[in-house]
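Reader: I would like to learn how to read helix packing. Where do we begin?

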Amino acid sequence: MTDTLKTADIVWKEDHNGCLIPTSRHFDDIYFSQAGGLSETYHVFIHGNRLTERFGQLTKNERFVIAETGFGTGLNFLAVCQLWQKIAPKSTRLHFISTEKYPLGHDDFAQALSAWRTDDSFGDWVDALIQVYPLPLAGCHRLHLSEKITLDLWFGEALDTLNEIANNQHEHSIRIDAWFLDGFTPAKNPDMWSDALFKAMAQLSHRKTTVATFTAAGFVRRGLIDAGFDMVKSAGFGRKRQMLCTAPMPNQPTLNHYQIGFKPKKIAIIGGGISGVSTAAALSYRGHVVHLFEPDDIMAGASGNPCALFSPKLTLLDHATNHLPTVSFLYSYRHYKAMNLYSQIFDQIGVLDFLLPSQKTAKKRQALIDEYPKSLISTHYPQKDSSALGQDLRQTDIVAHIPMGGILYPINIAKLLKKHFIHHPFKVVRFQEQENRVVLTAFDGQSHQNFSFDQVVIAAGFASHLIDNRLFNCRKIRGQVTWLALTNGDDPKKPTQATNAIKYDGYSTEFFDSKSQSKSLLFGASFIRNNTETKLSDDEHLSNFQKFSQALPNYCQSLNISKDTHFEGRVGIRAQTPDYHPLVGKLSDSDHIFCLYGMGSKGFSFAPFCAEILADLMDGGILPMSSKLLAKLSPNRDRLNTPIQEED
C-alpha cells in the first residue's frame, strides 16, 4: 500500500432544490443528493442487505461486520449506526470497515455532513464522526464511535486494503457479513469495480455474506457471480430502474468459510502497567471477563510517574503506514481524548520538539515537518520577545510544534480503567497450559491459589521472561525522572512561561501535581542500561538537571533552579528490544499464551494501539494495520532469536 495520498478535490454545486452538494472534480460525480441521499442509503444498502432483520436477530455478544468500498462522506456508515442503536441488542458489537482513495479534508467533511443534522438522533452520530475523523494519512485509522461500534477507515486503494486485510486473516478470523459496493459509478471509476476486487471480497466472506450495490451493470453482476456471490437484480432507487443484491436465500458454495462465532472468555493478564490495563480494557469492551494479577498497585511500576510525555517520533511520510510510533500515536491520541470525558487524562498542551540532529541532516529533519499536516506537526518560529524561554528557542537549529501532543496523568488512567478487570494483588508463580485451558498458580502472601483461564496475557514488562522462559529477555533500562514544585502564583494550574512540553536530549514539562496541589516542573529521564535498581540517585538528578539547563539555560535561570535545588524523583525500569518494537501476539508453540511488553520509553503511545491489536488477535478480529507492521511486532520474529548481551 502506497503512503502517497491525495485528498478529494471537490466543488460545491447547487441542486434543483437550492441545496449545496459536494461534487468530485476528479470523477465529475456527486457524493450524495440531499433530497434523497439518506433514503437511497436505506433502500440500496440497508434493505439490500436485509440489515433491519439481521440486526434484530443477533444474539448476546454477537459481532456483525460490514465492509464498504467508497466511504465518501460517511453517510452509509451513519445510517447503519442509527439503525444499530435502535435495533441491535445492547451487548452486540458492530465492526464497520470502509475504504477511501481520496478522503475529504476535515472542513469539507464537516460541511458535507452538516446537511444531515435535521434529525436529533442522526445529528448526534454526525457530530461523533466529525469529532474523530482522522488526518489524511494513508493506511488504516481505527475509530470508536461508541463502546460497541468500531469504524476502520482505510485511506488508499480499495483492492490494496482488502489484500492487506486478507494477509492478516487466519482460519479463526471473523468474516465479512455484508458488503456495501458504493463509490462513484462504474463508468467514471472503473478501478473500483474490477474482477480482482470481487475476488478479494469473496476471500473475506462466508457462505451467508450478502452484497448490495446501486448499479445493475452487467459486468459487475457477472464479476460478482464469478467470484462466488449469488447476485440478483432488484428494484433500484428513484430513477434507477434496477440494482444488485444477494439472493434472499443465497447459494454460495464456493465461499468455503463459515462465520466464526463469538464466545466470551475468561482471560488472565499478568502485569498491571499501561500495557496490562490497556489490554484489559480492550478485552473487556469485547465482552470478555478479565482478571489482572499485579502484586503492587495498578500502574505503580514504570507507568507510575506523576505525568508522562505524549508525543510522536515521526518518520518520513512515505514510511508512515508501517511505522509503529506514527500509527500508534494517532490511535492513542483519539483514545486519550475520549477518556477525557470521564477524567483529566490528557492535557493537550502541545509539544515543542528540538529534532536534535542524530544522524539526520537539517534538510531531512525539515522534511519530517513539511510533509505532514500542520495540525500534526509544523515548524515553530519563536516570537521575538524578551522572555527567557523565547531566547532559548531562538538559539535552536529547528523547532517543531506538535499541537496534538501533551502530557498524560497516569494515576487518573489507572483509576478509570480499573472498572474493566478484577484485580488480584497476587504474584503469579507458575502456570500449566492444558488442551483447552491454562491453570495459573498465584501467591497472595500467605498461600497459593489455583485459577483456570481460557487465555493468558503476559504483560509484565522487563520481568516477562521470568514468567515464561520462552519469552525474549529484554534489555533493562533504568529511567529516573526529576521534578520540583514551582513558586506558587495566583493559579497553581497556570504555566509560567512554557505553555508546551519541550523535547530536547530529554524532555521537560510543567504540570499540576495532585499530591502537593502545586504547579510543578518535571524533567528527565535518565537512561541507564542493564540496571534494575529503583533507589533514587542524586547523580541522575544532577544529570537530568544538567541536560535541562544546557538545553534551556535562560528558562532554567528564570525559574531560579540550580543543582542545589531539592528535587523529587521516581525510578522506572523499561523493557527495550533490539529493534525497538514491542512483542505483541501469541507464542508460536502455544494455543493460549499471549504477550504484550517491550515498549521501551513509548509505553503510553504504544500500549492502547498494541492492546487493540492483541485483543483482535485473541478474538479472531479483523486487524487495523498492514501485515508488514504486524510482522514487526511478532514475539516470534527472527530479530529476537539472538539474546541481548549484558554489554549491549
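Author: Axes are lines fitted to C-alpha atoms, for helices over the stretch in contact, and angles run from 0 to 180 degrees between N-to-C directions. Helices are DSSP runs (H or I, at least four residues), as are strands (E, at least two), numbered from the N terminus. The model is predicted: local features need pLDDT of at least 70, side-chain atom pairs pLDDT 80 or more, while totals for chains, interfaces and linings use all residues. Residues count from 1 along each chain as its sequence is written, and side-chain values use heavy atoms, without hydrogens and water.

Reader: At what angle do the axes of α6 and α7 cross?

Author: Two packed helices are described by the angle between their axes and the distance between the axes. Helix α6 (residues 158-167) and helix α7 (residues 195-203) cross at roughly 25 degrees, their axes coming within 9 Å. Angles under 35 degrees count as roughly parallel, over 145 as roughly antiparallel, 65 to 115 as roughly perpendicular and the rest as oblique. α6 and α7 are therefore roughly parallel to each other.

Reader: Which residues of α6 and α7 meet?

Author: Contact means heavy atoms within 4.5 Å. From α6, A158, L159, L162, N163 and A166 meet A196, L197, A200, M201 and Q203 of α7.

Reader: How do α4 and α5 pack?

Author: Helix α4 (residues 106-113) and helix α5 (residues 120-132) pack at about 180 degrees, with axes 10 Å apart. α4 and α5 are therefore roughly antiparallel to each other. In α4, H106, F109, A110 and L113 meet V126, L129 and I130 in α5.
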